Amino acid sequence: MRALIDKRTWLTVFRLPSYAPELNPAEGVWAHLKRSLANLAPFTIDGLAAAVRTRLKRLQYRPDLLNGFIAQTGLITTPP
């Protein structure tokens, strides 16, 4: 693995603990999504799935919010 990493100068590798949800930007995305679904009462599972897809699609067009989830982890976002 070390040889593969050393061959790629553009690649930066971080060693993370085995379980650290505070370092995972996806946790922030799911927390945001759950808050937006808090008062929703869909009639079917399909309705819930459609609402989740719609909200995730909306997040796709909010790069500042997504960057905020990454910044919240405290990990550097620019290469050294």
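Helices are DSSP runs of H or I with at least four residues, numbered from the N terminus. On that basis, Pro 21 sits in the loop between H1 and H2. The model is predicted.

**Confidence**

The protein chain has a mean pLDDT of 89. In this chain, 95% of residues reach 70 or more. Among the elements, H1 has the lowest mean pLDDT, at 89. Helix H3, residues 45–60, has the highest, at 95.

Helix H1 covers 2–7 and helix H2 covers 25–36, and Val 13 lies in the loop between them. Pro 21 is in the loop between H1 and H2 as well. Thr 73 belongs to the segment after helix H4 (63–72).

Pro 21 and Thr 73 are 52 residues apart along the chain. Their C-alpha atoms are separated by 9.1 Å.

What does Thr 73 contact, leaving aside its neighbours within four places in sequence? The partners are Glu 22, Leu 23, Asn 24 and Pro 25. Thr 73 also has a polar side-chain atom 2.5 Å from the backbone oxygen of Ile 70.

Is Thr 73 buried or exposed? Its relative accessible area is 10%, so Thr 73 is buried. The cut-off for buried is under 20%. Pro 21 has 26% relative accessibility and therefore counts as partly exposed.

How many salt bridges does the count give? The count comes to one. The side chains of Arg 2 and Asp 6 form a salt bridge, with an N to O distance of 3.4 Å. Side chains of opposite charge can pair when their charged atoms come close. Arg 2 and Asp 6 are four residues apart in helix H1, so about one helical turn separates them.

Arg 2 counts as exposed because its relative accessibility is 56%. Asp 6 has 49%, so Asp 6 counts as partly exposed.

**Nonpolar surface patch**

Which residues form the nonpolar patch on the surface? They are Trp 10, Leu 11 and Val 13. Together they have about 330 Å² of accessible area. Val 13 has 48% relative accessibility, so this residue counts as partly exposed.

**Accessibility by residue**

| Residue | Relative accessibility | Class |
|---|---|---|
| Arg 2 | 56% | exposed |
| Asp 6 | 49% | partly exposed |
| Val 13 | 48% | partly exposed |
| Pro 21 | 26% | partly exposed |
| Thr 73 | 10% | buried |

Conventions
Residues numbered from 1 in each chain as written. Predicted model: local features only at pLDDT ≥ 70, side-chain atom pairs only at ≥ 80, totals over all residues. Heavy atoms only, no water. Helix = DSSP H or I, 4+ residues; strand = E, 2+ residues; numbered from the N terminus. Buried < 20%, exposed > 50% of the residue type's maximum accessible area, 1.4 Å probe, protein only. Polar contact = N/O pair within 3.5 Å; in protein donor to acceptor, adjacent residues only side chain to side chain. Contact = heavy atoms within 4.5 Å. Patch = residues over 30% accessible without salt bridge, like charges linked within 9 Å, V, L, I, M, F, W, Y side chains within 5 Å. Areas by Shrake-Rupley, 256 points an atom, 1.4 Å probe, with all protein chains shown as cover. Salt bridge = Lys/Arg side-chain N within 4 Å of Asp/Glu carboxyl O. pLDDT = per-residue confidence, 0-100.
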